[in-house]
Amino acid sequence: MSLADFFSPIDLKKIVPKNGYYTSQLGSKIEHYSVDFPSMEDKVDIAIIGVLDDRNAVNNHGCALAPDYVREKLYQLYEGSYNTKIIDLGNIARGETVVDTYYALKTVVEELMKKDIVPLIIGGGQDLTYAQYLGYEHMEQKVDLLVVDAQFDLEDDSHPETIEATSTSYLSKIFLHEPNYLFNYSNMGYQTYFASQDSLRVMEKLYFDVHRLGELTQNIAVSEPIIRNANMLSFDMGAIRSSDAAANGNAKPNGFYGEEACQICRYAGFSDKLSSIGFYEFNPAYDTNGQTAMLLSQMIWYFIDGFYNRKKDFPLNPRSQYLIYKTSLKHDDHELVFVKSKKSDRWWMQVPYPTGGSKNERFHLVPCRYEDYRTAVSGEMPDLWWRTYQKLN
C-alpha cells in the first residue's frame, strides 16, 4: 500500500491568498499534495500531516477542521536563513471508524520515521497521540513521551477491546499498552487543581516527570532538558492560556503564554532525539480573527527553525567535543559523571544501568541542567538521577 492511499489532497482555494505567495514564503517552499502526491525520492526533513477526525475529542468537536486553517497562516510566513526540505502530504480523512483513522496515522508515522522524516501532525483531538505513539511499536526502541497539557488524560478506558481512545483517556491506553515500549512519560504545564491526588501518586510511583505550570512559566528555559529527552511530543492547545489561544472548547484562563509555547516548540525542533510532533485540539469554530491559527502556525515555524539549527551533539561522539565532569556525594563513595557539549553548552548526566541491565551500554545519558551539576557538586543527589535510576531498574 502506498502512503498516497491514506491522504486526500489540499483544497488550495481555501488556503492561497488572491495574489499567491512571494518566493520566500513557505507557501512557495513547501511541496504540497494538491494535484500530485509529493515525491520522497529526494531528501525530505519534515512531513506535515493533517488529520480530519475529532470524534473522540471530548467537548471540542470541530477540531477536525484545523489543518487547512493552520496551513492558510503557516504558508504566509517567511522561510528562515536555511533551505527547508518540507512536504505537506495533505489530510488523512476521517476513517469509517476511529480505529481506521488511528491505523492510518500509525502507519504513516511509522513509514515516515523509517525514512528519517519527522512527522508533524496537525488537527483532531489529542486521542490521536495514541496513534502517534503506536507508530513506534515496531521501531525497536524505548520511547520517551512528552505531553504539554494542563491535565493528565488518565480517565478509565471506555474502549478496552480496541485501540480506540478519547482525548481524556489516551494516556491510560499508552501506559497499559502491550508490548510496553514506553520508557518515560513527562508532562509540562499541568495545573494542580485539574490533577487528582490519585493521578499524582501514580506519576510518583512510576517515577514519571511531571512539571507544574508554575515551575515553567516565566522561566521557560528550565523546560529545555525535559524536551531534549523526548522522542515524541504531543501538544494540547488547551495548555495555552485562553487570552492567547481561545480556539479550544476546553480553553482555560491560565496556561502558557504564546511566546512560551513558541519557545517550547523551538526547543523541540532543536532536539536531535525528537522524531515526531503533534499539535492537537485547535478548534477553528472558537477562533477570533484567526489568532489561534496564527499562533499555532508560528509555533510550527519555531519548530522548523529549531530543526534547521540542530547541533547534532548527542553525546559522546566524537569525545573531543565534550567536557567530562566528575563529582562525589557527601555520604557516599558514589561518583556522578556529567557531560557538557562544547558546541551547545548543553548538559547530560550519566546514570549507570543496574547490573545486567544492558548488554551493550554501561550507562544511560539523560539530559539535565547546569543546576543538577551544581546540586551534585554540593554533595546532594539530583532528583533526576534517582528517578532515572529507578526506571532503569
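The text below takes up a single asparagine, then a sheet and the helices on it.

The model is a predicted one. Start at Asn248. Asn248 sits in the loop that runs between strand 9 (232-236) and helix 9 (258-270). Is Asn248 buried or exposed? Its relative accessibility is 4%, and buried means under 20%, so Asn248 counts as buried.

Now look at the polar contacts of this side chain. A polar atom of the Asn248 side chain lies 2.5 Å from the backbone nitrogen of Asn250. The Asn248 side chain also reaches the backbone oxygen of Glu281, at 2.9 Å. Leaving aside residues up to four places away in sequence, Asn248 touches Asn60, Asp236, Met237, Gly238, Glu281, Asn283 and Tyr286.

Four strands make up an open sheet, ordered 11-12-13-14, with antiparallel pairing. Strand 11 (322-328) and strand 14 (363-368) are the edge strands, and each pairs on one side only. On average, neighbouring strands of this sheet are turned by 30° against each other, direction ignored.

Take one pair. Strand 11 and strand 12 (residues 335-341) pair in the antiparallel sense, over seven bridges. Here Tyr325 stands opposite Phe338 in strand 12.

Which helices pack on the sheet? Helix 11 (residues 370-377) does, touching strand 11, strand 12, strand 13 (347-352) and strand 14. The direction of helix 11 makes about 35° with that of strand 11. Helix 12 (residues 383-392) packs on the sheet too, touching strand 12, strand 13 and strand 14. The direction of helix 12 makes about 45° with that of strand 13.

Conventions. Residues are numbered from 1 along each chain as its sequence is written. This is a predicted model: local features need pLDDT of at least 70, side-chain atom pairs count only at pLDDT 80 or more; totals for chains, interfaces and linings use all residues. Side-chain values use heavy atoms; hydrogens and water are left out. Helices (H or I, at least four residues) and strands (E, at least two) are DSSP runs, numbered from the N terminus. Buried means under 20% relative accessible area, exposed over 50%, partly exposed in between (1.4 Å probe, protein chains only). A polar contact is a pair of N or O atoms within 3.5 Å; within protein, one must be able to donate a hydrogen and the other to accept it, and residues adjacent in sequence count only if both atoms are side-chain atoms. Contact means heavy atoms within 4.5 Å. Two strands pair if DSSP finds at least two bridges between them. Axes are lines fitted to C-alpha atoms, for helices over the stretch in contact, and angles run from 0 to 180 degrees between N-to-C directions.
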